[in-house]
Amino acid sequence: MKNVTQQTTELQRKNMQAGLKLAQMSIENSQRIVALQIDAAKKLFQDSVEHAKALSAVKDPQQAINLQSQFAQDTVKKMMETAKQIAELGKSSHTDISHLLTKQLTSGSQDMMSSFHSYFGALPGQNANVLDAMKKAMTTANSAFEQITQASTAFVNAGATMAAPKKK
């Protein structure tokens, strides 16, 4: 029984490490997104100040309209570039997290099955059907997780493609 306890402790330790790694990845991704947003805000503010200075020097109304139009186009372009960068960060982060979760699920299910083997092997009057049912359940769960990962990856890729500005 001590072996089962050690295996359970090791399994919990691995899960805790994976959880900490996932939290660290999430924090790092959030920091990158916030840094992008701060940089975009600074640039837009500076552009607004320059635009206001340029607009105050304009005497012709048509030139003011043209200047406003150009400023609006530049602002939209910069916002789209920032949105594209955020979408790319999200896609990259999603891929990294999916790899981590897939790895954890795969190794975790193997560790869990090993623990079940040990546990059920130590029980008197063991029933092979219980272990087979557990194996089938783990295989089904792994298959479902892989399908969810594939579907979410396709969804994120489609979202990143839609966020990218259209080339003229």
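Select Asp39 and Lys43 to begin. Asp39 forms a salt bridge with Lys43, and their closest N and O atoms lie 3.2 Å apart. Keep in mind that this is a predicted model. Both residues sit in helix 1, and because they are four residues apart, about one helical turn separates them. Now colour by accessibility. Asp39 is partly exposed, at 36% relative accessibility. Lys43 is partly exposed too, with a relative accessible area of 47%.

How many salt bridges does the structure hold? There are three.

Next, select Glu10 and Arg13. Their side chains meet in a salt bridge, at 2.2 Å from N to O. Glu10 has 31% relative accessibility, so it counts as partly exposed. Arg13 is at 38% and also counts as partly exposed.

For the last stop, select Lys78 and Asp47. Here the side chains form a salt bridge with an N to O distance of 2.1 Å. Which parts of the chain does the pair link? They are distant ones: Lys78 belongs to helix 2 (residues 61-122), Asp47 to helix 1, and the two are 31 residues apart. At 30% relative accessibility, Lys78 counts as partly exposed.

To finish, show the three salt bridges together.

Conventions
Residues numbered from 1 in each chain as written. Predicted model: local features only at pLDDT ≥ 70, side-chain atom pairs only at ≥ 80, totals over all residues. Heavy atoms only, no water. Salt bridge = Lys/Arg side-chain N within 4 Å of Asp/Glu carboxyl O. Buried < 20%, exposed > 50% of the residue type's maximum accessible area, 1.4 Å probe, protein only.
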